[in-house]
Amino acid sequence: MTLSLREPARPESGQGPRSKAAALKSALLSPELAFLMEAHNGLSARIVEESGFKGIWASGLSMSAALGVRDNNEASWTQVLEVLEFMADATTIPILVDGDTGYGNFNNVRRLVKKLCQRGIAGVCIEDKLFPKTNSFIGDGQPLADIDEFCGKIKAGKDSQSDPDFCLVARVEALISGWGLDEALRRADAYHRAGADGILIHSKRSTADEIFAFCKEWGNRCPVVIVPTMYHATPTERYRAAGISCVIWANHNVRAAITAMREVSRKIAASETLVGVEGGIASVKDVFELSGNPELAEAERRYLPQPGSDTAAVVLAASRGAALGELTADRPKCMIDVRGQPLLRRQISTLKDSGIRQVSVVVGYRKEAVDLPSIELVPNDAYASTGECASLALAEKRLVGPCLITYGDILFRRYILDRLLEADGDIVVVADALWRERRRIGPGMVHDHITCSRPFSAGYLDEDTVDLVRAASDLPDAAIHGEWVGLAKLSAEGAALARHELAAMRADGTLGAANMPDLFNRLVAGGHRVRVQYITGHWLDVDDAFDLAKARNFL
Ligand code: SPV
Ligand code: MG
């Protein structure tokens with residue numbers, strides 16, 4: 001069973017919805033011996049359920065210890081209630097709460113039971129000692145409650161339950177306090193008559209003899225619950241033979257946690273390293289799974305808008321980037337380091353952050369150096385003699401649904417991508433209106449400038465539609481409205497148009513030499529709208545050492 005902390009409670013199959021209280025009640029009444037395992041918070045409760053237990057003991061001692069306080073009612077009852085709510089939310093099995101003495105008189109018990117029922121707690125155990133209590137294993141002969149007064153608490157609790165199956169277990173401390181078997185039986189009988197659903201008979205002896213003596217005299221009057229912490233060596237078979245209904249393993253998770261936490265803390269403190277620790281403790285993934293992260297991821301897919309989730313990306317990254325000199329001797333420019341990470345890795349992170357899961361990268365020069373995880377590599381072995389359209393055509397099978405095309409040597413702020421993914425239009429290209437500020441003139445400097453249906457202006461609104469008229473690297477200044485940044489989005493329809501055009505280019509022999517602007521121009525010439533989304537900076541490309549320095553500052 002691998003339920004997560006946040007999965008909702010489900011009724012058992014074949015039965016109608018069954019409350020946790022009903023499950024606890026039937027475990028108490030069943031002739032089978034039942035086991036409740038201690039938990040003290042949501043995580044330990046989850047682990048108890050995961051281990052196969054059918055019920056949880058919310059131990060007062062353990063919850064107090066986990067909160068760093070003593071088992072003397074130092075944690076208030078509402079603080080305990082908070083812990084219980086986390087435990088109940090984290091699990092689908094019933095919880096029997098250690099309610100100590102009921103936190104006061106009958107009136108406090110009434111309110112306690114009411115609140116426990118509201119929070120899906122299956123039952124409470126109250127003990128016949130005085131508030132504030134002390135753990136039964138501390139000291140000798142703690143004073144016991146007046147029998148009639150305690151019976152009043154039981155009645156008040158039973159009269160306050162909103163779930164008809166809620167269980168109230170009365171705990172008899174007479175043996176612990178040295179009053180003997182007769183007093184224990186007298187009290188148990190009174191509590192049973194007052195309406196208790198079960199009797200917890202407690203002992204601090206190292207053998208279970210007085211427990212068995214009690215069971216023999218008690219017979220079958222109502223279910224008997226035991227806590228064999230001190231008589232732990234007794235074989236479980238003997239409890240079955242004695243007709244005991246339920247065994248509580250009362251504090252073993254908090255004790256196990258103490259041992260494990262001490263061991264690891266001391267080891268790390270002494271060694272000042274994690275070497276030798278990792279294999280012996282739960283993995284971070286385990287923590288995520290226990291905390292219900294897979295369910296949250298699923299819910300996010302269901303409820304959060306996922307603009308890029310059905311979009312694939314094709315990254316064109318086949319070229320060397322010769323202007324970067326030695327830096328690209330052993331790797332393509334998409335793999336050059338920008339502040340500790342390859343450029344391409346940074347770009348892929350941005351794509352993934354925007355929900356794009358399928359990323360194909362067309363590689364050519366030093367393709368073996370592109371060793372990033374979770375991407376598909378598409379080799380263009382003729383990279384040295386072909387242009388961008390030939391690379392794109394090799395990734396044709398990714399041009400089916402909505403897709404993004406990006407150069408592998410650009411960095412951009414994530415909002416640019418998110419806006420593009422939300423943009424309308426079958427073919428949308430991103431263009432920087434501040435093209436003049438970026439322009440550098442020199443050998444090998446190529447800018448994909450574009451002419452648009454309207455220029456960017458101060459009054460430009462995102463909703464205004466702008467179409468591409470022409471893209472080229474040799475437009476006269478007067479005709480330039482922007483610079484294509486190397487980022488485009490195609491709808492499924494747009495992808496089909498691009499495939500069709502690439503096929504036409506292959507047929508007429510222009511595919512090999514063509515670059516992306518050629519493709520856009522052909523689409524425009526064919527009567528198709530290529531929409532332009534203006535941006536104003538917040539991106540860069542990396543062609544040479546100057547660009548690389550800018551990229552470092554950009555990050
Ligand atoms: C607890 O677990 O807090 C109990 C059981 O009350 S015992 O510590 O055995 O009293
Ligand atoms: Mg207790």
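1. The lining of the largest cavity is made up of five nonpolar, six polar and four charged residues. In this classification Ala, Val, Leu, Ile, Met, Phe, Trp, Tyr, Cys and Pro are nonpolar, Asp, Glu, Lys and Arg are charged, and the others, Gly among them, are polar. The model is predicted: local features need pLDDT of at least 70 and side-chain atom pairs pLDDT 80 or more, while totals for chains, interfaces and linings use all residues. Residues are numbered from 1 along each chain as its sequence is written, chains are lettered from A and ligands numbered from 1 in the order in which they are written, and side-chain values use heavy atoms, with hydrogens and water left out.

2. Three cavities of 30 Å³ or more are present, and the largest cavity holds about 150 Å³ of space. On a 1 Å grid over the protein atoms alone, a cavity is a set of points where a 1.4 Å probe fits but cannot get out; a pocket is an open set with protein on both sides within 12 Å along at least five of seven lines; lining residues have an atom within 4 Å of a point. Points are joined across faces, edges and corners, and a volume is the space filled by probe spheres set on them. Of the 15 residues lining the largest cavity, Leu61, Asn135, Arg171, His202 and Ala250 lie nearest its centre.

3. Ligand 1 sits in the largest cavity (more than half of its atoms lie within 2 Å of the grid points). The shell around ligand 1 (residues with a heavy atom within 4 Å) includes Trp57, Asp98, Phe137 and Val227. By class, this shell has five nonpolar, five polar and two charged residues.

4. The largest pocket has a volume of about 950 Å³. Its lining numbers 42 residues, with Ser319, Lys333, Glu388, Asp409 and Asp543 nearest the centre; by class, 19 are nonpolar, 12 polar and 11 charged.

5. Two backbone points deserve a check. A cis peptide bond, with omega about -5°, joins phenylalanine 131 and proline 132. Tyrosine 103, not a glycine, has a positive phi of about 65°. Most residues other than glycine have a negative phi, and most peptide bonds are trans.
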